[in-house]
Amino acid sequence: MNEALTDPVHQYHAFGLNIASEVDLPFTVLRPPSKQPDITVQCGHLPHFPGRNDDDTQIQANKEKLLSSIPLFRYYVADGCQVRYPSSFKSRKENDKRALIEVSFMILFMQRGWVMLHGSAVDIHGKAAVFMGDGGSGKSTAAAFLHQQGYDLLGDDTCVITLKDGRPYVVP
């Protein structure tokens with residue numbers, strides 16, 4: 001179960017999940033604070049894996065937990081529902097924070113059995129069209145154009161894919 005958050009909490013609804021976070025995240029959909037979070041994001045002490053020494057390895061993992069001790073990318077992700085950054089996270093540059101959030105959420109989604117893609121997606125007559133490519137290749141532009149034509153935007157810059165009834169599904 002997720003630990004209680006003690007600092008002021010930001011509340012989000014993104015990727016079909018309710019997220020409670022001690023830090024501001026790059027998600028735009030805020031949610032009412034009354035819903036139970038599926039994911040908690042905290043800053044503080046990063047745990048150790050039993051029987052492991054941080055000097056031995058920079059990444060420690062098992063199926064449910066991953067601890068990264070890489071100097072610029074320190075984080076802990078557990079059970080597909082908890083992300084923890086070191087206390088120093090709050091004073092990092094915004095670009096560094098965003099990169100760390102993207103990497104840690106990618107791990108969290110993998111723990112849930114989901115895949116995160118760098119791309120944009122729209123719903124075209126009940127089917128998802130996903131645009132993937134290098135930065136600046138027009139993914140967001142294509143999705144924005146289709147959205148202006150009346151199609152629902154499912155994701156921009158990041159798409160999360162899961163299986164539903166054995167078929168791939170873009171989580172809006």
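Modeller: Let us begin with His125, which is exposed, its relative accessible area being 69%; exposed means over 50% relative accessible area, buried means under 20%, and partly exposed lies in between, with a 1.4 Å probe and protein chains only. Before going on, please keep in mind that this is a predicted model, in which local features need pLDDT of at least 70 and side-chain atom pairs count only at pLDDT 80 or more, while totals for chains, interfaces and linings use all residues. Residues are numbered from 1 along each chain as its sequence is written, and side-chain values use heavy atoms, with hydrogens and water left out.

His125 sits in the loop that lies between strands S8 and S9, where helices (H or I, at least four residues) and strands (E, at least two) are DSSP runs numbered from the N terminus. Its phi is near 55°, which is a positive value in a residue other than glycine.

The buried residues of H2, which spans residues 139-148, are Lys139, Ala143 and Leu146. Seen down the helix axis, these buried residues of H2 fall within an arc of 65° (the arc of the directions from the axis to the C-beta atoms), so they line one face of the helix. The buried residues of H2 pack against strand S8 (115-124), strand S9 (127-132) and strand S10 (152-155), where contact means heavy atoms within 4.5 Å. Just after H2 comes Gly150, with a positive phi of about 105°.

We can now turn from this region to the sheet. Seven strands form an open sheet with mixed pairing, in the order S1-S2-S3-S7-S6-S5-S4, and two strands count as paired if DSSP finds at least two bridges between them. Its edge strands are S1 and strand S4 (59-61), each of which pairs on one side only. Within this sheet, strand S5 (residues 65-70) pairs with strand S6 (residues 73-78) over six bridges in the antiparallel sense, and a hairpin of two residues joins S5 to S6. As one example of this pairing, Leu67 has Tyr76 as its bridge partner in S6. S6 is also joined by three bridges to strand S7 (residues 82-85), with which it runs antiparallel. The hairpin of S6 and S7 has three residues between the strands, and in it Asp79 takes a positive phi near 55°.

The interior comes next. A nonpolar core is a set of buried Ala, Val, Leu, Ile, Met, Phe, Trp, Tyr and Cys residues joined through side-chain atoms within 4.5 Å. The largest one has 27 residues, and those with the most contacts inside it are Ile19, Leu25, Val41, Tyr85, Phe105 and Phe109. Helix H1 gives the largest share of this core, six residues. A second, separate core has five residues, including Ala121, Leu154, Ile161 and Val170.

A search of the whole structure finds zero disulfides, a disulfide being a pair of cysteine sulfur atoms within 2.5 Å. Finally, Ser21 of strand S2 counts as buried at 0% relative accessibility; Ser21 and Cys43 are 22 residues apart in sequence and 9.0 Å apart in space, C-alpha to C-alpha.
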